[in-house]
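Subject: Structure for you to look through

Hello,

Here is the structure I said I would pass on. Please open it next to this message and follow along as you read.

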Amino acid sequence: MGSKMSKAEPFLADGSQELFPCEVCGRRFAADALSQPVKKSNWRQQHEDFINAIQSAKQCALAMKEGRPLPPPPPPSVNPDYIQCPYCMRRFNETAASRHINFCKDHSSRRVFDPAQTAAKLASKAEGRAQPSAKKEPTVTSAVGALLQNRAMGAKNEVSGKPGSAMDSASGANKQGYSKSKKD
């Protein structure tokens with residue numbers, strides 16, 4: 001009968017393994033058989049939060065139906081199982097907190113907030129806004145310029161055959177003479 005036992009477990013003088021009493025039932029178990037302390041369920045708090053959310057939603061729906069202003073939202077509930085990050089004050093579960101806190105620690109060490117430096121940056125941005133740059137004239141590419149010239153030439157050829165009309169040389173637009181036509 002060979003059983004595999006770890007070397008860290010204490011043995012009694014007769015070679016048997018030391019047994020530890022369970023805190024709940026009092027029975028004795030080997031050290032490796034005792035599970036880690038089980039986290040207490042917070043189902044009651046979750047249930048109350050759920051009830052409060054439903055009541056808040058009903059009040060909002062009633063206020064919208066009657067045309068009244070909306071009531072303030074319920075205060076956020078704090079999950080006691082979550083761990084708060086000391087750098088950004090956000091809350092995470094255990095595994096996410098272990099990753100995030102290391103990241104946030106490194107990230108916050110890179111960002112040093114100097115009030116004088118921040119004020120100088122804001123002042124330079126405000127100064128830059130105070131001096132609007134001159135608007136640039138739109139540039140015409142060669143393809144667009146050629147297209148506009150072709151249209152102008154075509155319009156000029158059409159207009160030259162019509163009496164009482166002239167072509168504006170600056171804009172390439174037709175100018176019609178003011179003559180009243182008699183309608184029958």
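This is a predicted model: local features need pLDDT of at least 70, side-chain atom pairs count only at pLDDT 80 or more; totals for chains, interfaces and linings use all residues.

Together with Phe-50 and Ile-51, Ile-54 makes up a nonpolar patch on the surface. The accessible area of these three residues together is about 260 Å².

The average pLDDT of the chain is 74, and 63% of the residues reach at least 70. Residues 1–9 have a pLDDT under 50 throughout, and the model has five contacts beyond four places in sequence for them.

The chain contains four helices and six strands. Read from the N terminus, the order of elements is β-β-α-β-β-α-α-α-β-β. Of the 184 residues in the chain, 8% are buried. Among contacts with a separation of 6 or more, 7% are between residues 24 or more positions apart.

Now back to helix 1, which covers residues 43–66. Ser-56 is also in this helix. Ser-56 is buried, because its relative accessible area is 15% and the limit for buried is under 20%. Pro-73 is 17 residues from Ser-56 along the chain, and the C-alpha atoms of the two are 7.1 Å apart.

Asn-42 is in the loop between strand 2 (28–30) and helix 1. With a relative accessible area of 17%, Asn-42 is under the cut-off and therefore buried. What does the side chain of Asn-42 make a polar contact with? The partner is the side chain of Asn-79, at 3.5 Å. When neighbours within four places in sequence are set aside, Asn-42 is in contact with Asn-79, Pro-80 and Asp-81.

How many salt bridges does a search of the whole structure find? The search finds one. A salt bridge joins Glu-66 and Arg-68, with 2.7 Å between the closest N and O atoms. Arg-68 has a relative accessible area of 42%, so Arg-68 is partly exposed.

The last stop is the loop between strand 3 (83–84) and strand 4 (91–92), where Met-89 lies. The phi angle of Met-89 is near 65 degrees, which is a positive value in a residue other than glycine. Cys-85 is placed in the loop between strand 3 and strand 4 as well. Cys-85 counts as buried because its relative accessibility is 0%. Which residues does Cys-85 touch, not counting those up to four places away in sequence? They are Arg-90, Phe-92, His-100, Ile-101 and Cys-104. Asn-102 lies 17 residues from Cys-85 along the chain, and the C-alpha atoms of this pair are separated by 9.6 Å.

Regards

Terms used:
Residues are numbered from 1 along each chain as its sequence is written. Side-chain values use heavy atoms; hydrogens and water are left out. Helices (H or I, at least four residues) and strands (E, at least two) are DSSP runs, numbered from the N terminus. Buried means under 20% relative accessible area, exposed over 50%, partly exposed in between (1.4 Å probe, protein chains only). A polar contact is a pair of N or O atoms within 3.5 Å; within protein, one must be able to donate a hydrogen and the other to accept it, and residues adjacent in sequence count only if both atoms are side-chain atoms. Contact means heavy atoms within 4.5 Å. Patches are made of residues with over 30% relative accessible area and no salt bridge: like charges are joined within 9 Å, nonpolar side chains (Val, Leu, Ile, Met, Phe, Trp, Tyr) within 5 Å. Accessible areas come from the Shrake-Rupley method with a 1.4 Å probe; for residues, only the protein chains shown count as cover. A salt bridge is a side-chain nitrogen of Lys or Arg within 4 Å of a carboxyl oxygen of Asp or Glu. pLDDT is the predictor's confidence in each residue, from 0 to 100.
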